[in-house]
Amino acid sequence: MAKATTADNKAHGESRRDFLQLTAAAFGAVGVGSVAWPLVDTMNPAKDTLALSTTEVDLSPIQVGQSITVMWRGKPVFIRRRTEAEIEEARSVDVSGLIDKQSDAERIERPEWLVVVGICTHLGCVPVGTKTGEVKGDYGGWFCPCHGSHYDTSGRIRKGPAPKNLAVPDYEFLSDTRIKIG
Amino acid sequence: MKMKRTFSALLVVLALCGVVGYSSSAYAAGDTPHPPKQDWSFSGMFGTYDKGALQRGLKVYQNVCSACHGMKHLRYRNLTALGYNENQVKNIAAQYSVTDGPNDEGEMFERTAIPSDAFVSPYPNEAAAKYANNGAYPVDLSLITKARHSGSDYVYGLLTGYSEPEHGVEVPEGKYYNKYFPGHVISMAPPLSDDIVAYDDGTPTTTEQYAKDVAHFLTWAADPYMEDRKRIGLRVIIFLLVFAGIMYAYKRQLWADLH
Amino acid sequence: MGSGQREKFDNPVVEWVDSRLPVFTLMQREYGSFPVPKNFNYFWNFGAIAGVMLVTMIVTGIVLAMQYTAHTDLAFDSVERIMRDVNFGWMLRYMHSNGASFFFIAVYIHIFRGMYYGSYKGPRELLWILGVVIFLLMMATAFIGYVLPWGQMSYWGATVITNLFSALPLVGEPIVTWLWGGFSVDNPTLNRFFALHYLLPFVIFAVVFLHVWALHICGSNNPEGIEPKSEQDTVSFHPYYTIKDSFGLLFFLVLYCLFVFFAPDYLGHPDNYIPADPLVTPAHIVPEWYFLPFYAILRAITFEIGIPFTDIVFITAKLGGVIAMFGAIALWFVMPWLDTHPVRSARYRPLYRTFFILLVIDFVALGYIGSQAADAVLFGLPLSVMGLICTAYYFAFFLVILPVLSKKEKVKTLPNSIHDAVLAKNKSHS
C-alpha cells in the first residue's frame, strides 16, 4: 500500500513537472517575443519621418507643357502640366498593346496634370525628360538612361526592360492650384 | 546556517541601499531649500497627465514663457497628446512663422509653420538670446523638469518663489530674489501674476494655478511617454512576477527529489 | 574542443550536424550534463545574470546605434529624437542606461561573492584574473558610453577622467592630447568614443567566453569551498541550474524593470539633460554610482610624497590619487597570491569573514563619500578624512590583513564532502 502511494506521488509529481515545464516554456516564448518586437519596430520609420510623409505642392507657377520635380518621402515626384496634344496622345493609345495595361484615365485625377513617382520601375534610376531640353524618349514622356526604358506622356512603359508604368502616388487636389501628395 | 542566510541577505540589501543612497544623497549641498512637494496627478505608479492642465499649461507657455524660452525638442504635431485634433494642431502651428529655404533663388523665406515643424524659438540662436537678456541665457524648456532635481516641484517652486530678499542676500540691480533658485539671485523677472492669461474652463486665474499648470505642461514636454511607460511597465512587472513564480515552483519541484 | 568522443543524438538532423561540427556535443557537455556542485546558494546566480545583462546591453546598444549620431552638434538632439520619435526608442534607451547600472550590480555581487567564498584561489587564479579584466573593460565601456549623449555630465566627466592621464610624468600631456585628438574634449573625442563603445562590448564578450572556458576546465567553486569528491556532490547543470538561474534571473529582471519603467532617470544625473557646454562646469561633477568607490579613493589622496622639508616631490597628490585608484583594482589581480590560506570559504574562516564584511561596508562607505562634495562634513568630521581612513582600510585589507591571515588564521572544521554539508544543513533546518 505504502509502495503504491509513493508511485502515485511520483506520477503525480511528474505530471505537475511537465505542466510547469510547458508553462515556463510558453512564458519564455511570450517574453522573448515581446522583447523582440520593440527591437524590430525601432527600425520602422520614426514619427518624424512619418510626419513628413505628405507634401503639399503649389501648382500655380507651372506653365502648360512644363514639368517640375518635387521631393516626397525622399523620392522625386514628377508633376507635368500636359498640353492638349500630350493628353490626346496618352488617351489614343491602344491599352491592350501595352506592357503594363492601364488607360490614361486610371492614372490621373485631372487630365491636365500628370503626377508620377520619378523612379524607373526597372532598377530604380531616375528617368530624364522633366526639364526642358532633356531627352523625352521615343514616346514624348521620359527616358531612363540606365537601361533605356521609354515612358509615354502618361508615364506608362512603352519600350525597354522596365516591367511596370511609373507609379502614381496617392494625391488629392486641395484647390485648383494645390495638391497634397501622400 | 539560518544566521548566515540572514547575513547574506543583509549584505545584498546593504549594497542595494548603497546604490540607491548614492544617487539620492549626492546633491543635497548648498543652502537653497528643497522646493516643497506638490500634489501632481502624474505622481506614483499609476499617475497620468491631466489634459485640462496640459492645455492650460500650453496656454501659459505660449502667452508668457515663449517670449524668451524656446522648446526646440517639441513639434506642433506632439500637441495631439494634449487632446487636440489634427485641425486644431494645424491652427496652433499656423500662428507661427518659420524661416525655410533656400528657395530656387537661393533666398531664405518665411512661411507659416506646419505640424511637423519644431516649436519656434524666440531667438535665432543662443548669442542673440543672451544679447537680448543682458547676458543671461533663457534656457530651452523642452527638458527642464528632467534637467533639474525634483523637476516639476522645482519649476512650481521657482515660479512662485519670488519675494523681497531674505537672509541678507544682496540682489544687484536688474536681478531678483528667488527662494528656490540656486544662490537665490535670478535674472528672470517674476513672469507670472494674477489674471494675465485668460482660461476658458473656469479654472482660477491665479499665479499659483498658472505655475501649477505650466509645470504640468513642462513635465509632459520632457517626458511625453510617461503614461505609456507606466502602462507597459505594469504589464511587464506582472508578467515577470508570474513567470518568476512558475519558475520558483518548477525549481522547488525539481530540487525536492534531490534533498 | 572538436576532438574526442561525440555524444549520440536521436534526432537525425542533430546527429547529421553534430557528426560534422560537434556543437551539440559541446552544448550537451558544457551546459547539459556538466557536473556542478549541488550546494550553490543564490549568490551563484549572478554570473548567469551578468551574462544576460551583457547580451541585453549589446542588443539594445546595436539598435540605439542605428539612430544615434556621433557628432557634437547632433548627438544630444539625436538622443532626444530616439526618446521622442523612434518607435519604442524611449524604452530601449532606458533599458540601455539602466542596464549599465544593473550589469554593474550583478557584477559587483558576483565579484564580492568570489571574494567571500575564496573563488579566486587555486586552481581558479586565471579564471579570477579574466574576471578582473572583464570588470576593467566594463568600466572603460561604461565611462565612454556615458559620454555619448553629450550632456553636461558626459562632457565634464570625459574631461575630468581623461585629465587623470595628465598626472603621468613626462608622457601625461601628450597622452591626453592623443586621447582627445585635439586640445580639449571635442568632436574627434566623441567620434572615437562611439567607435570604441561599439567595439569594447564584443571584446568583453570574447573575454567572457574565455572566463567561462576557464570555469569549465576547473569547475565551479561552491559555498563550502571544498572540491566535489564523488557524484553525490554534484548535479547536472541542466535542468538543475538552468531552472534555478532562470528563476533568479527573472527576480533580478523585476528589479531592473521597476527602474526602467518607473524610475528611469533615478540612477542618472539631471545635468545630463542639459546639452554639453564647454564654458560652464556643473556645480558637482559626480560619476555614475558604480565608479563612486574608486572616485573616492582618487580624491582621498590629497598629499604629495617627497623628501620632507624640501621642495623635492616624487609623487604629486594628483599622480598619487591616480595610482591609488588604479592600484585599488590592480590589487584584485594579485589577490590569489596575497591570500594564500589553504581554506577557501569564509564560512570556515571567522576572522577573514569579519574583515571581509568590514571591507564591504568600507567599500559602500567609499561610494557614499565619492558621491558627496569634496568639502562635505558628516557628523562633524570632514569627509575627506573619512575618505582617507576608508582608503587606508581598503589597502590594508589586501596588503596586510590577507597575508597575515594566510599565516595565522585558525579555521573551523571543514565538512568531509559537499554531500555531508548539505545533509547537515537539511538536518538543522528540519
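Trainee: How many Å separate the centres of domain 1 and domain 2 of chain A?
Mentor: This is a predicted model, and in it the two centres, taken over C-alpha atoms, lie 60 Å apart. The domain assignment gives residues 2–41 of chain A to domain 1 and residues 50–181 to domain 2.

Trainee: Turning to chain C and chain A, how many residues of each are in contact?
Mentor: On the chain C side there are 13, and they touch 12 residues of chain A.

Trainee: And what area do the two chains bury between them?
Mentor: About 1,100 Å², with 62% of it on carbon and sulfur atoms. In chain C, the residues losing the most area to chain A are C:Asp85, C:Asn87 and C:Phe88, which together make up 45% of what that side buries.

Trainee: Which residue forms a salt bridge with A:Asp48?
Mentor: C:Arg81 does, and the closest N and O atoms of the pair are 2.5 Å apart. The count between chain C and chain A is one salt bridge.

Trainee: How many residue pairs are in polar contact there?
Mentor: Five, counting pairs with both residues at pLDDT 80 or more.

Trainee: Which elements of chain C give two or more residues to that side?
Mentor: Helix 3 (46–65), helix 4 (75–84) and helix 5 (89–116). Helix 3 of chain C provides the largest share, three residues.

Trainee: What is the make-up of that side by class?
Mentor: The side of chain C that touches chain A has seven nonpolar residues, three polar and three charged.

Technical notes. Residues numbered from 1 in each chain as written. Chains lettered and ligands numbered in written order. Predicted model: local features only at pLDDT ≥ 70, side-chain atom pairs only at ≥ 80, totals over all residues. Heavy atoms only, no water. Contact = heavy atoms within 4.5 Å. Buried area = accessible area lost by both parts, 1.4 Å probe. Salt bridge = Lys/Arg side-chain N within 4 Å of Asp/Glu carboxyl O. Polar contact = N/O pair within 3.5 Å; in protein donor to acceptor, adjacent residues only side chain to side chain. Helix = DSSP H or I, 4+ residues; strand = E, 2+ residues; numbered from the N terminus. Nonpolar A, V, L, I, M, F, W, Y, C, P; charged D, E, K, R; others polar. Domains from an automatic or database assignment.
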